[in-house]
Each structure stands twice: as structure tokens, then as C-alpha cells.
Number of protein chains: 2
Amino acid sequence: MNAPLPAHLQPLLDPRPVPPAMIDALKARFGDRCSTALAVREQHGRDESPFDVPPPDVVVYCDSTDEVAAVVKLADAHAVPVIPYGAGSSLEGHLLAVQGGVSIDLSRMNRILSIQPEDLTVTVQAGVTRMQLNNEIRHTGLFFPIDPGADASLGGMSATRASGTNAVRYGTMRENVLALTVVTASGEVIHTGTRARKSSAGYDLTRLMVGSEGTLGVMTEITLKLFPQPEAVMAAVCSFPTIADAVQTTIEVIQMGVPIARCELLDGNAVKAVNRHDKLSLRESPMLLMEFHGTPAGVKEQIETVEQIAGEHQGLAFEWAETPEERTRLWTARHHAYLSGLQLKPGCRAVTTDTCVPISRLAECLLDTVAEVDESGLPYFIVGHVGDGNFHVAYLIDPNIPAERETAERLNHQLVQRALQLDGTCTGEHGIGLHKMEFLVSEAGAGAVDMMRTVKRALDPKNIMNPGKIFAG
Amino acid sequence: MNAPLPAHLQPLLDPRPVPPAMIDALKARFGDRCSTALAVREQHGRDESPFDVPPPDVVVYCDSTDEVAAVVKLADAHAVPVIPYGAGSSLEGHLLAVQGGVSIDLSRMNRILSIQPEDLTVTVQAGVTRMQLNNEIRHTGLFFPIDPGADASLGGMSATRASGTNAVRYGTMRENVLALTVVTASGEVIHTGTRARKSSAGYDLTRLMVGSEGTLGVMTEITLKLFPQPEAVMAAVCSFPTIADAVQTTIEVIQMGVPIARCELLDGNAVKAVNRHDKLSLRESPMLLMEFHGTPAGVKEQIETVEQIAGEHQGLAFEWAETPEERTRLWTARHHAYLSGLQLKPGCRAVTTDTCVPISRLAECLLDTVAEVDESGLPYFIVGHVGDGNFHVAYLIDPNIPAERETAERLNHQLVQRALQLDGTCTGEHGIGLHKMEFLVSEAGAGAVDMMRTVKRALDPKNIMNPGKIFAG
């Protein structure tokens, strides 16, 4: 059960209904692929965020960039909102139709358009998911590393500037999107970037779009960097007596410049949750879950360095996932952490944080946060892409007890303020959406947010592209 | 001797003179640091591009962000242009005052503001040059890898989205700028980004500014990523009988995923030039100049792989620069290639290209280009960051012979069209400036350029920020 939008966000609810003439036009063009059924609309009007708002007025399943452009042209003519929909896995209310409008479902745009293995690039439609992509390119010996927990669509991942467990080595969507096809707010189709690895040709529209959360245009085709599957891969878990020891190990590994591919923290609560959910028997204390990529000799060197650092911080012996199957089991469990964690408190919802700080500040940020949440008495678990300085606290609340939500929101607020004081960001990978608008102002300052808003108003003068997200109005 | 602006660019010359009242106000505030002397203005009204236009009306040497903001506020009030000036080393006419105005000289803003070695970050004023930065941080064991040929300022490098010889491994300014302080067109001071390694907090204003060539704001402070100095560094040259062999070697090295740090091509002409200029005795045939970074064992592995690939393509035995001094000598010679090359034809100017293509297309792009220039009879040399698919042909022309310039421009045009057909870009690292405006339209399409122009007009409604660059009007 979800909660209504909190009072300070209520003014965002400002419906601009899709007029019957436009619905008729959509039905004439899209037939069965245009739906006003309540169940379909409700499915498209929510994501993993905890709020309920009225659903979009209509859902259209598009098959091509031209179809998306046709929908947006109609929306422009009628000045009604459009909200791109991929896999529905965003966390910050990106999909909530606070002003009504059209949900453009891109899940049928799930074709890999071209692979250029010799250039380490691929071009996909926006509805392709990260797992689908990796399945379909496996035969090339290449892979795409960015892996948010959910099997998100690559359009959604681009829109939120997503990352995941491999970002410490391979970067985020910011570094890995080379080029885009975008439907603009007026329904024009433009192309940004090229397949060249670098360019100084004018403004970096690709990176302006990446992270724009659907508010500047609809990304319909995406060209991505790929990487050779490493010759050797080794994954290990290492348990520590305290979170402080695990974090200090991480800090030193990064500062040494070890090219570790994944460096994930699970606190004791998170380990307990994945043990239950995935039938594992990991030691239920703070744990680093690590992966090393390279040549056999290179991986061996990395491991020796990290084992030595971990040993200096009371790390127990590394336990190895020797086979690909064991590795997959371990990382699948890690990717289940969110769902597993929810089962720690039946019927709960999670309020999830996403701060990211410079690595030297990670211990301070994380340990003060743990002390605060311990004191609050709320159940919680922590997972973190700690190699990046990014971690998530999930506060587990009973949605029927307002006091629990208030406590979680207060803790989140305190954590964000702390991260900002430590030169960090309120969101490492989830985006602003509905939930973090006021944090964005604290972080970037009114002047920078004004500049964002000026860009938004110039590129979307009727405010039809996913309105009410990132900033109000 | 430079040439006048070509006919098709003449309409850009549209002076908006700085009124006497504003000059008086600048002199009152800046005293000796405000100059209207012709020699000073002329020095600030040119760069490495081959065109002469009238100089800016006044030059102001700023010491702080607040001073830059004060100049821009005055320029805004009087609606006159401002052009940020760093080291004067840009290649595409970025500094040419086609509409007159104020040159803001940032070279006195040359302080390193803070170093955080434990986070691998540094914050500098925009006038710090890349060599100064590396000298001042050497004691930390860290370095900043981006190295255009000139000792450019980090502000200028950010403005042109520069790269250089290390980009194949460490990325370009796009990947290495974390945060900025920017003076906007209205003279406000804003901050973009944070020191966190990743963020999803709103539009990526940092990357909108990087590569904007002074047209959206003046970058005054820059936070950069740093890298640990590698434990082992090995540099080698390998000569090949043909450019085709050298390029095919490069392609295979990149496709294998070898983390080579530098992979530079010099054609026989370029080798001859650096031999003369830097008193070296390199074999005067096509050559790859390579550098390997890593642990001793890792470097050894990389070298074995690359030696094997080179051997399959008629590469001669690697010659090693064993000591740091020898390496410095070799890379200094490489960085002198442009100046050395000019001496191949006394009194000449160079018309320089900057295309970048996907690596699989590099051989086709480069070899067809060589055939064309050989047929033209113009002297030339080629250097290339071929690991990125980026190379520069320098056509050596007598500025007093219009036919030579026309030939060079025709060859450049043909090369750009070829690169675009091969999914590449007209500029890998130099920027658009005055020279490549029509190439930008060919590359990005009218729709994307319109989007850039819309952003420009929204953020700089009086068109005072380096007007007439990237796009006309």
C-alpha cells in the first residue's frame, strides 16, 4: 500500500487532461496499442517510489521513433504531458503522472539495431533491458557493465544516469552513452553524438539528455560502449567485524588505484536478508563483495593487494566464488538485496537513500548514519557501491504508521545534509524525480537550478515532457 | 602572416564596440590590469588559427571569480561581447573577437586552490596550465593525464573539451572534469557538480559547459580527477614499412582491450620533422609511439601482446625509452610535432584537420586521406592519437598563395565528409570555433544544432558570451 503525495508536493498535482479528440487520434493510429483501461493506466502510473497519484490518462505502446514522434506532436498540439515508460523500475517517482497525460510505453522497442564488435559499440532501441542486451551480445565476447539492481531498460537507465556495481571500474551511463536518437518536445527527431570515442563538436547534447529524466525529450535509440569480457574474473566475499573496517579497506583499495571491478558493501542486516531470500550461508556481519577483472596475472596481483589491505583491517579470509555459476549466484543475490531486505519486515515499504561522497569522506558519512538509524529504532539494511562512495540505506517502515515515515524522512534528510557538507551529492544514481527536488536546491544552489530550469523552458516551452520532475514548474 | 576571414565568414564580423563609459568603469576598477593598448589587444585577438580579424576593444586581467563576474555584469549592462582568454593556444579561432568586446585574461588566475590526494581530486583556477598542475602535484604521487600539444590552460582545455595523447586510457576533459565554478551571462556565479565520483542530481551542467567554447559562461574554477602515477611506465617506438601496417596494429591493440596509455602515430614526414627539431635519430618511416602504464607484471603483459600484434604487421623491433629522461625527451618531441612540422616548409602556415572515427574505420579514413594529399602535391605531415581513431593532417601552405589554401581547404572538406560517412566526427579535440561551423551542421544535423542554439539563446539572451563561435548568430 502506498502513501498519498506529501503536503509539500501536493501543488504538483495539476492535471492537464488529454482531450477526447486526442484520445481518438491516438486510437485511430495505434488501435489496440492505445489503452485507456484503468488497470493499464495504473500499472504505468507507478514505479518503486512509495506514493500514489492518479494514473496517466492514456497509455500508448510505441514501436518506432516515428511513432513516438507522432505521439509527442499530438501532445504538443494539445499541450498535454508525455511520460516515457521503460521497465517501471525507477525509484524516485519519475513515472508518476502528476499532471496526467500520456504514458509512452517503450517496452516494445526492444530490438538491438546494430552491433559493431570491432568498435566495441552497440546501438539499441530504448526499451532493451540491460540483461537482454548482455544475453544478445554474449556471442561477441563483449559485455555492457552498467547494472542497476532491477533489469531496467537502457532508456530508463540513460534517463536517470544510472550506474550499479561495476561503475567503480567502468563508469556510469554518463561515460558509456556515445550517441542518442531523441524525440524533442516539438516532436522533431534529432541525433546527438557519433560512434567516435571522443568529439569536440559543439554542446554535449548527449550528456545533457543523459540524466534529464524524460524532461527534455524522449530517448528512443541509444549507442553504447561495450567492453571485452575479461580474460579472468574472480569474485570473493570478505567479512569484517565492523562496517568501519570494511569501509576503511575500501578507501585504501581505491586510493591505491587498484582497478577493482566491483566493491560492494552489505551490512549484517543485508547479509541476513540475502541469506534468507537466496538460501545462502554467508557470515551475517558486514561484508565486502568484490570482483576482479583482468588477465590471470593481473587479477592475481589485484587480489594480493586487496587481501593485504583487508587483513590490516581485521578482514577474514576471502571466500571465493570459483565458477561462473557461483559468481552468478552471488551477484544475483546482491541484486536481490532490495527485495530480500523488504522481507525483513513483512508488509513494509522501504524509504531508500542514495548519497554519494568523495571516498575519503565515506567512513564518516556512513558511520554517523548508522549511529543515527540505530538510535531511531527503525529496522534497516545498507548496501553500497562503496568503491564509488555511494551507499543506500533502506529504512523499513510500516506505511500505515505515519510516525515511521516521518522518522525515515528525517533520517534521510539528515543523511543528505551530511553528504552535502562532505562535498557529496544527494543522489549517486537514482535521480531527483519527485522526491529530491529540495535536496537538489540544497546541493546545486538556486543559481544552478535556475540554469537547469532555463534550459528546460527553452527546450520544452509548453512543459509537456514529464512535467513536475527535477524541479517544480 | 595570417589571412583575412574567408568570404563566407565575413558576415560574422559585426562589431559591438565597448562604450567609453564601460572602459572608464573597467579602468576605475582594474587600473593597470585593464588595457586598451593595441599590442595587448592584438595579442589577445589571435590564436593558432590562420585568420586575422580586428582585435578586442579592451583586455582585462582578472584575479578572481568575483572580478570576472564584475566584468560580465558590465558587459551584460552594455550588451558587449566577452571572450575568455587562457593560454592563447586554441586552434579554431575561438579567441578571435569577431564582434569586438572584452577579452578576459585568466592567466593570473593560476592558483591551485586545493588538492585532495586521498580522493584523487584537485581544484584549480582556470588559468592554471596543464604543466604547472603536474609540477605542483608531483609530490602527491598523482598526475593529471590530459595533454594537448600546447601547455594550455585548464580553462581553455575545458572549454574545447580537449584531450591529447593519454585519452585512449584516461579519457578526455569530458570524463575528467568533476565540478565547475561558472560566471553566467548575467554575471551570476554558479557551481556545477560535486567532488563525488558520480551523481544523478539534475541536468549535467558540468558537461554542458565542458566543450561550450566560452559561449555559455566563463569557467573560473575547475575540479579535476587525478590518477596515481603508475608503478611502472614503459615507452617504446616501433617503425613500420607503411601507415597501413601501423594503423592495423593500432586497431588490433584496441580491439583486444589492451589498456595502452598512449598510442600515437607519426607518419614519415612527422618523424623527419621531430628528428630535425629535437635532434633525434628516429627511423624516418611511419611510427607508433607507445606508452604502457601499470604494475611491472601488467606492463610486461601488455608489451608482449602489442609486440606480437606489431610483428604480425611488419613492425620492426621496439626501441625503448628506458629512463624517465628518455621518455620525457621522446614525448616532448611528440608535443613539438606541430611546431617542428611547420619548419618543413619555411614561412608556411598549417591547415590542420581533427577528424575522429570509430577504430574499425580508421585505416580506411586515414589511407584514403593520404592518397588524396599525396595526389595534391601539397607538403604535409600526419600525427594521430590513433588509439582513439583521431588524427591530424597538417597541410603546409604558403599563406601568400591562395591556391594552396584552397587546396588545403578542399582536402580538409573531403576528409571531414569521409569521416562523417564513417560514423565519425569533424573534431575529436579542437572544437568548432570559427572554422568548422558548416561541418557541425553536416555532422549533427540542423535539428541538433537548433537545439544547441536554443540553449545558447536561453542562457545568453544578449549573445555576449564569445559570440560568433560554434554557430553563427
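Me: Is C34(A) buried or exposed?
Reply: Buried. In this predicted model, C34(A) has a relative accessible area of 7%.

Me: How far is its sulfur from the closest cysteine sulfur?
Reply: The sulfur of C34(A) is 9.8 Å from that of C62(A). A disulfide needs the two sulfurs within 2.5 Å, so this gap is too far for a bond.

Me: And chain B? Which cysteine sulfur is closest to that of C62(B)?
Reply: The one in C34(B), at 9.8 Å. Again, that is too far for a bond. C62(B) is buried, with a relative accessible area of 0%.

Me: Switching to helices. How do the axes of α1(A) and α3(A) cross?
Reply: At roughly 165 degrees, coming within 11 Å. Helix α1 of chain A covers residues 20–30, and helix α3 of chain A covers residues 65–78.

Me: Parallel or antiparallel?
Reply: Roughly antiparallel, because of that crossing angle. The cut-off for this is over 145 degrees.

Me: Left-handed or right-handed crossing?
Reply: α1(A) passes α3(A) in a right-handed crossing.

Me: Which residues make the contact?
Reply: From α1(A), they are M22(A), A25(A), L26(A), R29(A) and F30(A). From α3(A), they are D66(A), E67(A), A70(A), V71(A), L74(A), A75(A) and H78(A).

Me: What's the split by class?
Reply: The contact of α1(A) with α3(A) has eight nonpolar residues, one polar and three charged.

Note on methods
Residues numbered from 1 in each chain as written. Chains lettered and ligands numbered in written order. Predicted model: local features only at pLDDT ≥ 70, side-chain atom pairs only at ≥ 80, totals over all residues. Heavy atoms only, no water. Axes fitted to C-alpha atoms, helices over the stretch in contact; angles between N-to-C directions. Helix = DSSP H or I, 4+ residues; strand = E, 2+ residues; numbered from the N terminus. Parallel < 35°, antiparallel > 145°, perpendicular 65-115°, else oblique. Left-handed = near helix turned anticlockwise from the far one by under 90°. Contact = heavy atoms within 4.5 Å. Nonpolar A, V, L, I, M, F, W, Y, C, P; charged D, E, K, R; others polar. Buried < 20%, exposed > 50% of the residue type's maximum accessible area, 1.4 Å probe, protein only.
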